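Thank you all for coming; I would like to take you slowly through one protein today. Please have a look at the sequence and the model before I say anything about them.

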Amino acid sequence: MGKDAAKWICIAGRAILKALPICLFCLCSGPVELDRSVSEKVENGTTPGGGEEEIIVRKDRYVTGIEYPDGYDWYPDLGYSADGAVLFLMRNGTRILELPVGYEHHVSVDADMHRCVDGHLYTDFSTDEETIVKKDGIEMFRFFGREMIVSLIERPDGIYTLGQPRSGTGWVYRQNGEILLYKGSGKILHGLHMDGESICFSYQDVIFSGAESQSLYYLVVNGIPTAVRATDDVTGIDDIVRIDGTICYIASIETLAGRVLFRGPDPYALKMPSDATGITECRIILDDGEIFVSGNMSGVGSSGYGDSFWKGTELMDSASGYYKVYGSCIDGGKCYYVCREPYEGSTVRIRIDGRTTLMSPNYEFIYTNAIASDNGSCCVALNDTLHEYKPTLWTDGKYEDYDFNGAFTSISYW
């Protein structure tokens, strides 16, 4: 063996010895704590032509759910707590957190009272006098008054919530439980959303004068409300957001049967087929800085178009009047939703980018937030009515069956 070859072998050996402790640490380390920064998975693949590798970044999949005691018939009492029930959070198929449910634990089974945000499980609970907000089962703050949390954002300077009184009208905007802004009347249009470093939301207020009423619309940015100055022909506003500092809203105007998307002062009509007769109930969906719109489009004939989706102003898809959309999401510019005929026992349909997959008639879709997609991979939570409502996760055509008594309540990727 030559001197040069021996030299390189020694260098390689020293490199292996240096790397060995790191490898052993990776093999021996235990579960990662809940408050770690969320990891992302990178998958490599080649393009169909055999060109450069394509890098796909996969986020972690988080699923919330409720498990009831064995033998308890939970479906007829949907939303009601039971002794021994637990609320749990799964990451990539493994449970990482369980919380006992009940008044004494200040945790509810109601799907509107828990949510996964940035990989953490947030719960809100109202006692007879207070509202209590927890993160991963640890109380973060409580405040006087019974509120339902509509949306929540956590930043380094605290937890921001937008809530509605459980009795009465209006809304309350808080930081760590302390009131930043509140209104005793009106309704929330769009919940908390980020525009750069600014926290935004919008609301509608109504002023009555005798039998007459007038609607006023506001966008709140970092706690400061600004009136949305619409043109004189605007008869109503469905939703308002802010993107890149620009106020964007969906409005009805006197001269059109449909809806108009305003980006600042510029109006753009939502596209409709020639036999469509109108659009109502529009909501703005934000995805990577792009605007998508959901709404109900009526049309000629008994079927019509029903629940529909637009990318900007371009029509993406319609469920038809025969089907109602029960859950939806936008991912990578594509629309994913679950629909079925609006009666119990109807067949669940999963619609992905204009293609329909029919579920077996024994599957039921229960919770609105139990659908999500990441990088084109769609996951939907279902329950099998023929097997004691056992839960399953449908992912891109494959089923993952779970043997617990209960249901998944939400799916998200972080």
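This is a predicted model: local features need pLDDT of at least 70, side-chain atom pairs count only at pLDDT 80 or more; totals for chains, interfaces and linings use all residues.

Let me begin with a term: accessible areas here come from the Shrake-Rupley method with a 1.4 Å probe, and for residues only the protein chains shown count as cover. With that in mind, the protein exposes about 21600 Å², of which carbon and sulfur atoms supply 52%.

Residues are numbered from 1 along each chain as its sequence is written, and side-chain values use heavy atoms, with hydrogens and water left out.

What does the protein contain in the way of helices and strands? There are one helix and 35 strands, where helices (H or I, at least four residues) and strands (E, at least two) are DSSP runs, numbered from the N terminus.

Let us now follow three of these strands, remembering that two strands pair if DSSP finds at least two bridges between them. Strand S14, residues 187-195, pairs with strand S15, residues 198-209, in the antiparallel sense over six bridges, and His 190 stands opposite Ser 202 in S15. Two residues lie between the strands of this hairpin, in which Gly 196 takes a positive phi near 65°.

S15 is also joined to strand S16, residues 212-221, by ten bridges, and the two run antiparallel; here Ile 207 has Gln 214 in S16 as its bridge partner. In the hairpin of S15 and S16, again with two residues between the strands, Gly 210 takes a positive phi near 65°.
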